[in-house]
Amino acid sequence: MNTWQDLVTTSLIGTERAPVPPVRIPGLPVLDNPAGSDTATLGPSGLADQASVLADPAEALLDRAALLTAARRAGRPAGHAEPLSAAGPDPRPLVGAAAGDRLAWMLRGEHSELLTEWLAAATGRGWRVPAQLLPGLLDRARRISPADPELRRLAVAAGGPRARWLAGLNAEWAWAAEDAPRGDDAWRLGDAGQRRGYLTALRAAEPGLARDLITASWDAAGAAERAMFLSVLAAGPALGPADEPLLEAALGDRADEVRSRAAYLLASLPGSALAQRMAGRARRGLRLETGPRGFRLITSPPAECDAAMRRDGIAPGPGAGRSQLADRTRLMLEVVARTPLRTWTEAFALGPAAILAVPSGDWAPVLFVGWSRAAIAQRNQDWMAALINAALTGRPPARPAENSALSQLARRADPALGAPDTLPGPEPGAPLAVRTALKVLRFRYEMLKELDVDDDRG
């Protein structure tokens, strides 16, 4: 039988080059249908709109498209259908009412960027998602998972057997209905998401075995998969000295993203050779001076990106079209972002909040972004809290890079910062980025608090 797609194809080719297909219109009597039978063709007689086709094929094409559109929207007569099989049992308890309501808000777009965190927390605590929210969850996972590779896996895990049952009824959710390979088969035969899930679980249970698997698979992996290996290492558990040889070797990788990720991981590894090299550059580029008006940070950015810096993951600037000062500013930012944060507290003998309060002139935005990136990469909650507090009470962030850094801090900082009276409220007239960051922290605090509540379900 000719279909809607046949009409579309003819409209693209043109009625001058292709005949108008005799599409059957559901609900019309056979004699009034453009196609009297499944095999009807355009002939000298037998079709109700034969004259209109001969007069104006384009008009007939549009008429048939309009009729078929109406028929498709109206549905079709009910036929015989076999009863659906029941979804498998899920013994896990349901999330509380407040947590379910919050998930519904997120699926409607409120702080949807935190959906992965909510799902990870819920599955980690052994909860399951309300059945009525599963279609929306599966649809969102289908649409945005390329930007968040964990979302599909977590959506299926949170939905359990009912999510897989629903996926069998909708071709767009087929990815959730597939029987995922388990154990070693997930690594050998799985897709990218399944391999990542296997490696993540192995890293959590046996960090050494996961590292050995990455090392053995490194040369055969593509650049995207090598970057995935490093992102799994970054997610946890904490890196140790045994991870340094793998990461140091990755500094020589041919892919920029791999080198950059390896550099950030090495910077967060206490005592690593790269951390020491970055600390040396940082101490030469930023010093604390005492003057008549108190302390002041003096910045001396690197003059150029030499071979040693490139080896440590700092890429050369784009060159043409940029001023020398702009490139030196970028180099300073990259050095600060890769420097262990204890470098500053040890060199200045001050805590994070005190360092952030020291005037740094025009370099303040650069240092804020660099320290924010370092705090996130190194999971340093003291610095994250100090940076957020500085944005709330001191010089508000004004540049796009600062706003982006503050947004990332709000998503990575300890959610306890969002508890009532923990942080000061933003000053009147505070920038939108500051007010949004505080809202995200408060949202995360309430979100995880709800999942920790042990509801009495009778």
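Colleague: Which residues in α10 meet which residues in α12?

Modeller: This is a predicted model, in which local features need pLDDT of at least 70 and side-chain atom pairs count only at pLDDT 80 or more, while totals for chains, interfaces and linings use all residues. Residues are numbered from 1 along each chain as its sequence is written, and side-chain values use heavy atoms, with hydrogens and water left out. Contact means heavy atoms within 4.5 Å, and helices (H or I, at least four residues) and strands (E, at least two) are DSSP runs numbered from the N terminus. From α10, R195, R196, L199, T200 and R203 meet E225, M228, F229, S231, V232 and L233 of α12. These residues divide into five nonpolar, two polar and four charged, where Ala, Val, Leu, Ile, Met, Phe, Trp, Tyr, Cys and Pro count as nonpolar, Asp, Glu, Lys and Arg as charged, and the others, Gly among them, as polar.

Colleague: At roughly what angle do the axes of α10 and α12 cross?

Modeller: Two packed helices are described by the angle between their axes and the distance between the axes. Axes are lines fitted to C-alpha atoms, for helices over the stretch in contact, with angles from 0 to 180 degrees between N-to-C directions. Here the axes of α10 (residues 192–205) and α12 (residues 223–235) cross at roughly 30° and come within 10 Å.

Colleague: In what sense do β1 and β2 pair?

Modeller: Two strands pair if DSSP finds at least two bridges between them. Strands β1 (residues 286–291) and β2 (residues 294–299) are antiparallel, with six bridges. A hairpin of two residues joins β1 to β2, and T290 lies opposite F295 in β2.
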